[in-house]
Amino acid sequence: MSSIEERVQKIIVEQLGVKPEDVKSEASFVEDLGADSLDTVELVMALEEEFETEIPDEEAEKISTVQAAVDYIKAHS
Amino acid sequence: MSEERKVALVTGATRGIGRAIAEQLADAGLFVVGTATSEKGAATIADYLGERGTGVVMNVADDGSVADTVKHISEAHGAPLVLVNNAGITRDNIMLRMKADEWSEVINTNLNSLYRVSKACLKGMTKARWGRVINISSVVGTMGNAGQANYAAAKGGVEGFTRALARELGSRNITVNAVAPGFIQTDMTDALPEAQREALLGGIPLGRLGSPAEVASAVAWLASDGGGYVTGTTIHVNGGMFTG
């Protein structure tokens, strides 16, 4: 079983088409990884699917970095 | 995607234009879910669609009803990838006499419904990287019509919404268009007084009302693979009464 960090990284790589080594914990999806606003919505949808959870819109808007995604999943699983 | 049977959601499918759309989309091989505001209407839809779809009760004017119904449809049949926002009402009155309720009911049912239903369906389309949103507008949204300031405002809004959403979702292979019928033979136009009807016909080069099927075939084309390069536009089906 991979760690939450690894699973989140894998999804970000798939969704945003970036290299695994660029997915650093402090990286911002929009500023560092080239995501647009639709990409970030899709990323959240993919996280919801992977971790079988529902992320409310107001929480989803706060998930703007790799670390924020990992923290959210850890707090809610 | 093409091997799998796609699900189409058509709001206001009990009769008139909505019914013709539901039938033509079913003819094109889609599984059609038609919505009605009553159990009786839903049963009518289920009956005329038979094996090719089903009818559900949904009130497009109500947030909770839309969210619950779309969720239920997605679980039972699959996420709708073709959405036809057709449900609409009229509450005609001259502006000087128009009640606040007449204004807001029309805006809520004919325009705010697009926010609710489209939003509920867009996640599924985004995931599928394929989608068709087709909004039923009206020639009145472009030309205006005395006694229909509320309806014209809503339909003008529908067309603006269509253009904005088309730009937003193009990168995900989701097209968004409007179809603007002129005067079509339905319960809605049967309610017009005879004198107004005669005057109307004088302004239609083709000299007759349109049929619901003639509107539905424009919708079916937009939903088809052949309509895939058209987005952000309004197709006018009005016998020539307005020529953009």
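## A walk through a two-chain predicted model

Just after helix α2 of chain B, B:Gly50 takes a positive phi of about 60°.

**Helix α2 of chain B**

Helix α2 of chain B covers residues 39–49, and its buried residues are B:Gly41, B:Ala42, B:Ile45, B:Tyr48 and B:Leu49. Viewed down the helix axis, these buried residues fall within an arc of 135°, so they line one face of α2(B). What do they pack against? Their partners are α1, β2 and β3 (53–57) of chain B. On the face turned away from this buried side, you will find the exposed residues B:Glu39, B:Lys40 and B:Asp47.

Most residues other than glycine have a negative phi. With that in mind, two residues of chain B deserve a look. B:Arg129 has a positive phi near 55° and sits in the loop between α4 and β5 (131–136) of chain B. B:Asn173 also has a positive phi, near 60°, and its place is in the loop between α6 and β6 (174–181) of chain B. Are these residues buried, partly exposed or exposed? B:Arg129 counts as partly exposed because its relative accessibility is 40%, and B:Asn173 counts as partly exposed at 38%.

**Over to chain A**

Which residue of chain A does UniProt list as a modified residue? An unreviewed UniProt entry lists A:Ser37 for "modified residue: O-(pantetheine 4'-phosphoryl)serine". In the model, A:Ser37 is found in helix α2 (residues 37–50) of chain A. The cut-off for exposed is over 50% relative accessible area; A:Ser37 has 58% relative accessibility, so this serine counts as exposed.

Rolling a probe the size of a water molecule over the atoms shows where empty space is left.

| Pocket | Volume | Lining by class |
|---|---|---|
| Largest pocket | about 1700 Å³ | 22 nonpolar, 8 polar and 14 charged residues |
| Second largest pocket | about 1000 Å³ | 18 nonpolar, 21 polar and 5 charged residues |

The largest pocket is lined by 44 residues, and those nearest its centre are A:Met45, A:Asp57, B:Lys119, B:Ala120 and B:Lys123. Which helices supply at least two residues each to this lining? From chain A they are α2 and α3 (57–60), and from chain B they are α3 (63–77), α4 (100–128) and α6 (149–169). Helix α4(B) gives the most, with 11 residues.

The second largest pocket is lined by 44 residues, and B:Arg15, B:Gly88, B:Ile89, B:Thr90 and B:Met188 lie nearest its centre. Among the elements of chain B, α1 (16–27), β2 (31–36), α6 and α7 (187–190) each supply at least two residues of this lining.

Definitions and conventions: Residues numbered from 1 in each chain as written. Chains lettered and ligands numbered in written order. Predicted model: local features only at pLDDT ≥ 70, side-chain atom pairs only at ≥ 80, totals over all residues. Heavy atoms only, no water. UniProt positions renumbered as here; feature names shortened; annotations may be inferred. Helix = DSSP H or I, 4+ residues; strand = E, 2+ residues; numbered from the N terminus. Buried < 20%, exposed > 50% of the residue type's maximum accessible area, 1.4 Å probe, protein only. 1 Å grid on protein atoms, 1.4 Å probe; cavity = no way out; pocket = protein on both sides within 12 Å on 5 of 7 lines; lining within 4 Å. Points joined across faces, edges and corners; volume = space filled by probe spheres on them. Nonpolar A, V, L, I, M, F, W, Y, C, P; charged D, E, K, R; others polar. Arc of directions from axis to C-beta. Contact = heavy atoms within 4.5 Å.
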